[in-house]
Amino acid sequence: MGPGLGREGYMQAYARLALSIAREQAMFVVLDADALYMIGKELSLVKGYRRAVLTPNVVEFKRLSESAGVSPDVPTKERAGEVSKLLGGVVVLEKGPTDLIASDTTGEAASLEASKLDEGDEERQRVREVVEVDVEGGLKRCGGQGDVLSGTVGAMLAWGKCYEDGSFGDGSIPASRLPLLAAVGGSMVTRTSSRMAFRLQGRGLVTQDMLPQLGKSFSELFGEDLWAGSKGRF
């Protein structure tokens with residue numbers, strides 16, 4: 001939710017409604033671009049909703065940090081985790097030369113009982129995890145690459161939902177880790193796609209050049225057998 005949304009009042013109102021419905025139905029969501037502007041104005045829309053992944057760029061992250069009340073004294077590489085903590089454990093994917101992905105459910109804002117993620121001991125759910133993705137990307141970051149990232153994270157969250165519902169896998173991964181894992185995977189695939197596309201197009205690279213590389217990137221990172229899905233398994 002967010003890319004191409006716009007900031008007109010009626011569009012923002014529809015987006016708030018869509019997000020509220022997603023929360024009611026315990027759906028995974030990715031919030032980017034103008035959706036980040038929206039929640040920056042009304043943090044309660046996402047606070048405590050640990051099925052959300054936020055994907056801010058440098059400017060959006062600065063604005064979000066200020067809205068959340070992050071102290072300027074917090075070290076740069078710890079700010080994503082602090083934003084996550086103040087927002088109740090939502091996953092924050094801070095885009096940059098390396099991508100920082102953070103999830104912190106140790107703060108008071110974390111909604112553990114009503115998270116609809118994991119049952120059991122709340123203390124077991126209180127975790128602080130930060131992953132730095134330094135997979136090589138292309139030498140040109142073009143406008144729209146963030147849209148590819150948010151879409152890739154969204155696709156992985158959709159697979160995560162299938163995993164949570166028992167469509168595949170053994171259920172050994174707790175549902176509470178799925179948003180962070182989807183963010184890490186989406187970051188890796190997007191950065192690899194950018195590198196592959198840059199090798200072909202150089203400085204003429206535009207966002208659509210990345211799209212044919214997504215499948216190849218997935219195969220390079222996770223293996224041909226996983227990219228093929230269930231083909232040949234039955």
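Modeller: Let us begin with accessibility: a residue is buried under 20% relative accessible area, exposed over 50%, and partly exposed in between (1.4 Å probe, protein chains only). This is a predicted model, in which local features need pLDDT of at least 70 and side-chain atom pairs count only at pLDDT 80 or more, while totals for chains, interfaces and linings use all residues. Residues are numbered from 1 along each chain as its sequence is written, and side-chain values use heavy atoms, with hydrogens and water left out.

Colleague: Why is E220 called partly exposed?

Modeller: The relative accessible area of E220 is 47%, so E220 counts as partly exposed.

Colleague: What makes R195 buried?

Modeller: R195 has a relative accessible area of 10%, and therefore R195 is classed as buried.

Colleague: Why is the pair of R195 and E220 called a salt bridge?

Modeller: The term requires a side-chain nitrogen of Lys or Arg within 4 Å of a carboxyl oxygen of Asp or Glu. For R195 and E220 the closest N and O atoms are 2.5 Å apart, and the pair forms a salt bridge. R195 belongs to helix 7 and E220 to helix 8, so this pair ties together parts that are 25 residues apart in sequence. Helices (H or I, at least four residues) and strands (E, at least two) are DSSP runs, numbered from the N terminus.

Colleague: What describes the packing of helix 7 and helix 8?

Modeller: Two packed helices are described by the angle between their axes and the distance between the axes. Helix 7 (residues 178-201) and helix 8 (residues 214-222) pack at about 120°, with axes 8 Å apart. Axes are lines fitted to C-alpha atoms, for helices over the stretch in contact (heavy atoms within 4.5 Å), and angles run from 0 to 180 degrees between N-to-C directions.

Colleague: Which other salt bridge links separate parts of the chain?

Modeller: E164 forms a salt bridge with R51, their closest N and O atoms being 2.7 Å apart. E164 lies in helix 6 (residues 145-164) and R51 in the loop between helix 2 (34-41) and strand 2 (52-54), so the pair ties together parts that are 113 residues apart in sequence.

Colleague: Is R51 buried or exposed?

Modeller: R51 has a relative accessible area of 2%, so R51 is buried. E164, at 27% relative accessibility, counts as partly exposed.
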